[in-house]
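Please keep the sequence and the model in view while reading.

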Amino acid sequence: MTYPPHWHNAAEFTIILKDGCRYRVSDTFYELKKGDVLLIWPHQIHETVSIPDNAALFVQFSSAIIENSLDLVSISRFLYDCHYISASKEPELAKYITQKILEIKKIHELSDPLSETQCKLCIYDILLKIGNHVLAEAKKETSDDLVSRKRSWKYIHAACNYIMENSSDNITQSEVAKEIGLSTYYFSKLFKQHMNMSFPAYLANIRVRSAASLLLDESISITECAFQAGFQSTTAFNKVFHDITGYSPREYRKLYKQ
């Protein structure tokens with residue numbers, strides 16, 4: 001089975017049941033083996049290159065599950081960069097996700113009156129496990145001692161929540177720093193240390209994701225999507241959108257699949 005490049009407003013987690021499954025996410029090609037897990041997050045361009053019969057099982061869930069949790073939103077920078085869980089390198093995590101997706105399949109087949117809630121709980125269990133994994137990986141790249149890292153993360157968590165809630169406004173780095181009680185210089189240094197990207201880059205990514213959601217509605221013009229997402233000009237929007245996604249907003253909208 002194959003499926004051309006597309007995106008949707010849902011996350012799609014796939015467990016690999018047989019060797020030989022091949023996918024492409026953005027510009028990265030993955031050849032997966034039995035036991036591996038592929039994570040595709042909302043609005044990400046992906047392609048099914050080839051899958052043998054009965055070789056994979058996937059679950060899709062609404063982006064709202066992530067967006068309604070500020071904890072998850074605040075670490076989305078790390079979540080959305082995580083696509084491949086190798087069964088050989090991360091056996092416990094891959095096995096956990098596989099078991100949870102199989103549990104979702106079983107719950108769905110039983111048609112219990114509370115099956116939707118049970119499935120959502122499984123999804124949150126998976127997201128929590130992946131969240132802890134990506135944060136642990138990110139912390140390996142910092143040299144801070146553990147106590148200092150935990151203390152400073154509270155500031156970054158608060159900053160990310162503030163950015164998410166106000167990204168459509170013309171917010172600045174100094175405004176966010178003042179909101180959480182830090183100097184602009186220290187906030188800039190701390191933010192880059194924890195998030196592995198600058199404040200402007202993070203804000204641009206949040207705005208592009210917001211614009212991608214708006215692009216779902218074809219009654220909204222691309223110009224309106226740009227300004228509603230917080231961009232101050234269409235020129236800046238088109239450039240940033242292409243830099244982040246690899247597509248123009250118009251091209252990207254055409255790849256949407258329900």
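Predicted model: local features only at pLDDT ≥ 70, side-chain atom pairs only at ≥ 80, totals over all residues.

Numbering runs from 1 along each chain as its sequence is written, and side-chain values use heavy atoms, without hydrogens and water.

**Aromatic pairs**
- The whole structure holds 13 aromatic pairs (Phe, Tyr or Trp six-membered ring centres within 6.5 Å; planes under 30 degrees apart are stacked, over 60 edge-to-face, the rest tilted).
- Tryptophan 7 and tyrosine 252 are stacked, at 4.4 Å centre to centre and 25 degrees between the planes.
- Tryptophan 7 lies in the loop between strands S1 (3-6) and S2 (10-16) and tyrosine 252 in helix H12 (residues 249-254), so the pair ties together parts 245 residues apart in sequence (DSSP runs: helices H or I, at least four residues; strands E, at least two; numbered from the N terminus).
- Both tryptophan 7 and tyrosine 252 are buried (under 20% relative accessible area, 1.4 Å probe, protein chains only).
- Phenylalanine 13 and phenylalanine 61 have ring centres 5.1 Å apart and planes at 85 degrees, so this pair is edge-to-face.
- Phenylalanine 13 is in strand S2 and phenylalanine 61 in strand S7 (residues 56-62), 48 residues apart.
- Ring pairs link Trp7, Phe231, Phe237, Phe241, Tyr252 and Tyr256 into a cluster.

**Charge over a ring**
- The charged end of lysine 129 sits over the ring of tyrosine 96, 4.8 Å from its centre (NZ of Lys or CZ of Arg within 6 Å of the centre and within 35 degrees of the ring normal).

**Serine 76**
- Serine 76 is in helix H3 (residues 76-79) and is buried, with a relative accessible area of 2%.
- Serine 76 touches Tyr202, Ile206 and Arg209, not counting residues up to four places away in sequence (heavy atoms within 4.5 Å).

Definitions and conventions
Buried < 20%, exposed > 50% of the residue type's maximum accessible area, 1.4 Å probe, protein only.
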